[in-house]
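Morning, everyone. Please bring up the model and have the sequence ready. I'll go through a few elements, one by one.

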Amino acid sequence: MTKSQKCKILMMTVIMIGLVCGMNFIMCRQAYSSDAVRVKNFYKLEKNSLDMVMIGASTAFTDYSAPLAFQEFGYTSYSLGTNAAPMGIAKSMLIEVLKTQNPKVILIDINGILYNDDFETREGPLRSWIDNMPYSENKVQTIQELVPEDERLSYYIPFLKYHSNWAKFKDNVEESIDEFIHQDNIHLLSAGIQGTAQIIPQKSSIPIRAHTQERPMYHLSGQHLKELLEYCQKQGLTNIVFTNMPRYYSEKMIPERERNNAAKALIHQYGYECIDMDDYVDEMGLNPQTDFYNQNHLNIYGQKKLTMYLGKRLDEKYHLSDTPHDEKIIQRYQQEVVAYEKIYKWADEQIRLGKKKRYNYKEVREIIEK
Amino acid sequence: MAFNTLVFLLFFLFVLVGSFLIPAKWKWIFLLIASYFFYCYASVKFLIFILLTTLSSYIATLYMGKQYQMEKSHTSTKENKKKYQLKRKRVLILTLVLNFGILLFLKYFHFFAENINHLLETLSLGSQIPTLHLILPLGISFYTFQTMSYVIDVYWGKVEPERNLAKVALFVSFFPQILQGPIGRFKDLAPQLYAPKKASYHDLKFGLQLMLWGYFKKMIIADRAAVIANFVFENYLNVSGMGVALGVFMYAIQDYTDFSGCIDIARGCAQAMGITMAENFRRPYFSKSVSEFWRRWHMSLGSWMKDYVFYPFSLTQGVRKIGKFAKKHFGKHMGRTLPIALGNLLVFFLVGVWHGAQWNYIVWGIFYGLLIGISGLMKPVWSYLNQKLHIPVQSHGFQLFQILRTFWITCVGCIIFRAATFADGWHIFLKCFHFYEFPIGIKKELVSFGLNGKNYVVLLVGFIVLLIVDILQEKKSVRECIEKRSVWVRWGVYIVAFLIVLLFGMYGPGYDQTQFVYMQF
């Protein structure tokens, strides 16, 4: 083989690899793109820049607002949550957080324990986290622990899964360009916001605080919570606090409350604190007629009330706002506060006008840039 | 390790790089190790069968080679020659019985047992033969036929026996062809496998091109056509006449693109490593007659059958007598074509049996055997009719008619081959004649087959590309044409083809059509 032939082979190989990488970037896009933005933006944060990190499912970002907490209490925080995140993902998220951040508190939402074994292994929620995290030993371990053996390959190489999105090729190209342009997006916290500007007044509700009965957790989610607790204990992590975000309970949801009680008991057994927000509905001033957009999620009003209560409680106990931060980080959070206020105003307007509007990072960006 | 899996691509990349880096004289050892790794990857427990075939053919060919030499030596007497010939014959029969016996037992025991039990039940006889659900070793039909051709060739003295067991093992197990062929011949394949030669840049380029074309056929066309064909054949009762006709057409397309696609990948793999494997398809759907179709479809099996079944059978005394009888009573034409027709009937019966232990395969084989036999016998009648009716047989229109007629016959063959039962096949056949019955919700019906609109477009475009390439291939080599173009055009074609397969190919989780049709045989 001549030198020029060898050069040609090398060039073609480089082109092919480039094409595969390019296609991978363009095609590997999910429906829940707010999740992708939220996860990817976490990795753009400066090292050790967070005082608090919230880990969990959708309630981690619909019920709590990091910009508001900064505005009111002065500490920096981030909601690292993905939609319907199963309990098993929490450990993986925790490991990722500990790689780059050293927060005073890591708040872990236990929403995932309410998922049965089928939900715990659902592909979509698993991919929302796994496909957006960078390659690492933890990623491999997460796949091995949570994904059935015969499905793992497409998690290691997501293109195997996403290439069938070719019908949305144009949209994917547009989103890829968008992501490329906004890769230095300053609206780190707002970008991942997702929710619905709406009020669902709850017609029938039952008081839940006194209901202390327990019910065994689902097998897989229970096992994953136990593994997480064992991991925390083994690593000697003392800055872990668990939480259960508030719901509006009907008779049908009693088993959920009982599973929550069992989870709380297990958390206490391992010596960790669990803040059950269901117990502080009155203290927060949550009004079931105005503050929820569905049974499990708070709207922008409820989010404000919960953030005010939780932020104060955490700041008082863990002195979150005592840590000094670089001017650059403070400036960014100040911009986030401005963005938050715009989103709040917009959502408030929509609710007053009686419009039900779902919003994700795209709408949020438009609102901010107005 | 199917060809359209990532594991195979990684494996092939490793072997390809290895075959370039390893000193040429050791290349065959490297290929042997790679081939056995490939085979063991499917299952180690199958290894015993391929080892048995290798060892038995090695011993038999060595022994027969020695006897052949002694028989041909000048010092050998006429009596001794007969003795040596007899010994060779005995060893040949023993080897054939052993190897085809394994194949028959593993592939057909369940079928025989089931049918005999059915017969016993009908006759109200109590005893039952146990039905064993045996797992078929990978590629057994292909490697058994390939190895036995070598054994027979040595018996006939056409090739010298290979004295190195490991080299015989490589010939039997060479990984690109073990899954679905083509069924190689020792004289063509073995010298290339053992030759201390490295692949050239040209081989590498052309090999990879052929692989890419194979992947295009399999992953863009065959796997999409399979979705429609599978649905229609399983739900034909609830599908309109047009839908059923489309399903049958799609199965014909799937069968061709799936099998020929796999063969292209296999041949491309080998070519990239500097080994040229036998051609197996030559645009069969452009055939003007059924016999031509079989000269263009699964050519390596056809040529195997011709050399090792058809000719030996035609030369038997019984068939000669039949020929003489036919000549005497029915004329010269009958005397010549009747033995050929009988030979074809036997060959196609065996082709049917080769495909598997199911009655539909046997009937499918006989269907083609009868068609070819009868068309041969009736040739003077057709010629007479053409002359009397002044049909311009050389015109393009008539040739197109012949092509469409042959394709239609192969579609009937597809129905027999694919339908779950004969009753199903018959109903599908009848429903095809109602192809003009368009359902009111035509879009809804098409989508119900399992493909959405965009996938239909991809399938259609893929089919048009295939048609254009096949038409061009009839005149000249498309690859040679591309080769003559400027580097920009060439590389543009490669990159676009690569991107098309990468994006539009059916693979990854959620697709069940990844199995190659002929892998089961």
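This is a predicted model: local features need pLDDT of at least 70, side-chain atom pairs count only at pLDDT 80 or more; totals for chains, interfaces and linings use all residues.

Look at its two faces. A:Met52, A:Met54 and A:Gly56 sit on one side, A:Val53 and A:Ile55 on the other, and all are buried.

Which strands pair with β1(A)? One is β2(A), residues 77–81: five bridges join β1(A), residues 52–56, to β2(A), and they run parallel. A:Val53 has A:Tyr78 as its bridge partner. A:Ile55 has A:Leu80. Another is β3(A), residues 105–109, which is joined to β1(A) by four bridges, again in parallel. There, A:Met52 is partnered with A:Val105.

Now β2(A) itself. Five of its five residues are buried. A:Ser77, A:Ser79 and A:Gly81 point one way. A:Tyr78 and A:Leu80 point the other way.

Next, chain B. Helix α1(B) covers residues 6–21, which makes 16 residues. From first C-alpha to last it reaches 23 Å, close to the expected 22 Å.

Which residues of α1(B) are buried? They are B:Phe12, B:Val15 and B:Ser19. These cover an arc of only 65° around the axis, so they lie on the same side of α1(B). Why can that happen? An α-helix has 3.6 residues a turn, so residues three or four places apart point the same way.

What covers those buried residues? The cover includes α2 (27–42) and α10 (241–272) of chain B. Now turn to the other side of α1(B). The exposed residues there include B:Val7, B:Leu10 and B:Phe14.

Definitions and conventions:
Residues are numbered from 1 along each chain as its sequence is written. Chains are lettered from A and ligands numbered from 1 in the order in which they are written. A residue is buried if 20 or more other C-beta atoms lie within 10 Å of its own, exposed if 12 or fewer, and partly exposed in between; C-beta atoms are placed from the backbone. Helices (H or I, at least four residues) and strands (E, at least two) are DSSP runs, numbered from the N terminus. Two strands pair if DSSP finds at least two bridges between them. The expected span of a helix is 1.5 Å times one less than its number of residues. The arc is that of the directions from the helix axis to the C-beta atoms. Two residues are in contact if their C-beta atoms, placed from the backbone, lie within 7 Å.
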